[in-house]
Amino acid sequence: MIAVRVLDRISRPAPIGIRFRDVATGGFVGDGLRVTVTSVRNPARRALLEANAKAVWYANRFPGFSDAALGGPDWEALQQPCLVEVDDAYGRFLPLRIVLDLPQRGLVDWPGWGDLPPDPLLPLANDDSPPAISPETLPLFSAPGRSLPAPLAEIRCQLERDDGGPAAWALLTASHGGTVRAIGQADAQGRAVLFFAYPERPRPSLATSPPAITDFRWSIELAAYWDGLDPAEPPEFAALMAQLDHPRTLFASTASPPEPLPSQLLSFGRGLVLRTESTPDGPSSSLLMAAS
């Protein structure tokens, strides 16, 4: 064996480090993504990120940030707005577009979380007590064509506005027992899918036999949020999440008088497809949502 003598070690600070979390499974995403960073002030300054073994997407260099400048103590003076664009080659996730001030030491920290209503964000929170959003991860929402193996619950729908057209990029939540269990995002055509862990099963009593697992049912409440986003292009992340301040009524019927969507029954092992049963033109294959 040849002995190797290490003469020196060079440590180079990375101006960009981002970690993405799969909203459906809660796991970090370290493969299959194309992540680019572009300076808003000078689009010619652009970098393609790669992932390390800890699913951190990073770039050691970025045009405009010299090694000499990054070697200094004051990175805030160097910061400039940069557009981070994420696309998934495997088709698992919807595109993500977010503007961040870079460079940042450590993993990027999106400052907008504190301005959002906390309840719909509960599925994105960690397991701490009380639960809190981890600021060092960005969520990736499932694309409508994605499928996941059991035992996750699955809810699908195509959201359409009651004035016509798709509810592009709308947010949708599913709750049980007053607690939000899942949050998802519609695509440009209003198609959305939610994956989440089934709620706890009722404990059997000594007086009754436990039901078969396929007999379990849960009452699920759905909520939608939409703010007229342009279907022509994926929204910037701040505009996407700001929709949580714009709740919309979901309809079981738009025939006069219109009826809001009641709680829906979710069965174990079977996907739940949502639609509006009654409209002046007959049953709809879409779930209609108030446009205002």
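## The largest pocket

The lining of the largest pocket consists of 32 residues, and Leu122, Pro123, Leu124, Ala125 and Arg181 are those nearest its centre. Two or more lining residues come from each of strand 1 (16-22), strand 8 (138-140), strand 11 (179-185) and strand 12 (191-197). Strand 11 contributes the most, with five residues. Strands here are DSSP runs of E with at least two residues, numbered from the N terminus.

By residue type, the lining comprises 20 nonpolar, six polar and six charged residues (Ala, Val, Leu, Ile, Met, Phe, Trp, Tyr, Cys and Pro count as nonpolar, Asp, Glu, Lys and Arg as charged, and the others, Gly among them, as polar). The volume of the largest pocket is about 700 Å³. A pocket is an open set of points on a 1 Å grid over the protein atoms alone, where a 1.4 Å probe fits, with protein on both sides within 12 Å along at least five of seven lines; lining residues have an atom within 4 Å of a point.

## Basis of the model

The model is predicted: local features need pLDDT of at least 70, side-chain atom pairs count only at pLDDT 80 or more, and totals for chains, interfaces and linings use all residues. Residues are numbered from 1 along each chain as its sequence is written, and side-chain values use heavy atoms, without hydrogens and water.

Four strands form an open sheet in the order 3-2-6-7, with antiparallel pairing (two strands pair if DSSP finds at least two bridges between them). At the edges lie strand 3 (46-48) and strand 7 (96-102), each pairing on one side only.

Strand 2 (residues 33-39) and strand 6 (residues 80-88) run antiparallel and are joined by seven bridges. Val35 has Val86 in strand 6 as its bridge partner.

Conventions. Points joined across faces, edges and corners; volume = space filled by probe spheres on them.
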